[in-house]
Amino acid sequence: MRQLGAAIFLAGLGALITPATGCERATPVANPKSVVIAVSGDTAGWLTPCGCASNQSGGLPRRGTYLVGLRGGGGGGANVLYLDVGGAAGGVSGYHRDKFEAILTGERAMGVVAHNLGKSELALGAEALRELAAKTGAPFVSANARSADGKEVAPEAREVERGGRAFLVVGVVSPRYATSGITASDPRAAVLEALAKFPAKGKGRAVVVLAYLP
């Protein structure tokens, strides 16, 4: 897969962060009590390498192997928080939609917690995204994407716990990637609104913002 073309911002967390690109020569060794945040992005419709160039990464199978390694194979590894920042679809045709569905199914098998809506996801349209989420169980997130009727395309954020720590994962996309059927409001304002709607509980939490921005 390609290097992700987006950003992640963390607050209130001491954790190991690693890109799940499949390009590493060895899987990092993590403390079993640690939380590892692994992020993929810009899959661009590729299930496996095209084979048209040398030294390509291994696609979804290698990504899955990498995540298994982080988790310690059968157990005993780190607590992995696997996220995707967006850009997973390769186009808008029926063929590309089928490939995107396969990618989402693969991410679910790898234990993805949240998949942010990026440029290629918005291009598919709100209805297609809702149908894919219902069919695959893909945990889409987007705090600033709305369909033409003003309804959210995906949940603003998702709350999850890993290693005894609480996390709030929020997704945003650049307004420049809005389409005729999907609007995208100011990312910063959307994140702040999401934080207000999901107040921290107990001892607090870490906030992860998946931002598909230039």
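Let me start with arginine 108, which sits in helix α2. This is a predicted model, so keep that in mind throughout. Arginine 108 has a relative accessibility of 43%, so this residue counts as partly exposed. Which residues does arginine 108 touch, once those up to four places away in sequence are set aside? Thr136, Gly137, Ala138 and Pro139.

Now the whole chain. There are 214 residues, and 48% of them are buried. The chain has five helices and 11 strands. Consider contacts between residues at least 6 apart in sequence: 72% of these join residues at least 24 apart.

Next, confidence. The average pLDDT is 86. A score of at least 70 is reached by 81% of the residues. Where does it fall below 50? Residues 1-5 are one such stretch. Beyond near neighbours in sequence, residues 1-5 still have 23 contacts in the model. Residues 10-16 also stay under 50. For that stretch the model has 21 contacts beyond four places in sequence.

Back to helix α2, and to lysine 99, which is found there. Is lysine 99 buried or exposed? Buried, and without a salt bridge. The nearest side chain of opposite charge belongs to aspartate 98, and that is 11 Å away. A salt bridge would need a nitrogen-to-oxygen distance within 4 Å. What does lysine 99 lie over? The face of tryptophan 46, at 5.5 Å from the ring centre. Leave aside neighbours within four places in sequence, and lysine 99 is in contact with Gly45 and Leu47.

On to the aromatics. How many aromatic pairs does the structure hold? Two. In one, the ring centres of phenylalanine 100 and phenylalanine 140 are 6.4 Å apart, with the planes at 15°, so this pair is stacked. Phenylalanine 100 belongs to helix α2, residues 94-109, and phenylalanine 140 to strand β6, residues 140-141. The pair therefore ties together parts that are 40 residues apart in sequence. Both rings come from buried residues. Phenylalanine 100 has 1% relative accessibility, and phenylalanine 140 has a relative accessible area of 3%.

The other pair is tyrosine 177 with tyrosine 212, and it is edge-to-face. Centre to centre, the rings are 5.8 Å apart, and the angle between the planes is 65°. Where do these tyrosines lie? Tyrosine 177 is in the loop between β9 (165-173) and β10 (182-184), while tyrosine 212 is in strand β11, residues 206-212. This pair therefore ties together parts that are 35 residues apart in sequence. Tyrosine 177 and tyrosine 212 are buried.

Last, some backbone angles. Aspartate 42 is in the loop between β3 (35-40) and α1 (59-70). Its phi is near 50°, a positive value in a residue other than glycine. Alanine 44 lies in the loop between β3 and α1 as well. Its phi is near 55°, again positive in a residue other than glycine. Which of the two is buried? The cut-off is under 20% relative accessible area. Aspartate 42 has 14% relative accessibility, so aspartate 42 counts as buried. Alanine 44 has 22%, so alanine 44 counts as partly exposed.

Definitions and conventions:
Residues are numbered from 1 along each chain as its sequence is written. This is a predicted model: local features need pLDDT of at least 70, side-chain atom pairs count only at pLDDT 80 or more; totals for chains, interfaces and linings use all residues. Side-chain values use heavy atoms; hydrogens and water are left out. Rings of Phe, Tyr and Trp (its six-membered ring) pair if their centres lie within 6.5 Å; planes under 30 degrees apart count as stacked, over 60 as edge-to-face and the rest as tilted. Helices (H or I, at least four residues) and strands (E, at least two) are DSSP runs, numbered from the N terminus. Buried means under 20% relative accessible area, exposed over 50%, partly exposed in between (1.4 Å probe, protein chains only). A charge sits over a ring if NZ of Lys or CZ of Arg is within 6 Å of the ring centre and within 35 degrees of the ring normal. pLDDT is the predictor's confidence in each residue, from 0 to 100. Contact means heavy atoms within 4.5 Å. Lys and Arg count as positive and Asp and Glu as negative; His and the chain ends are not counted.
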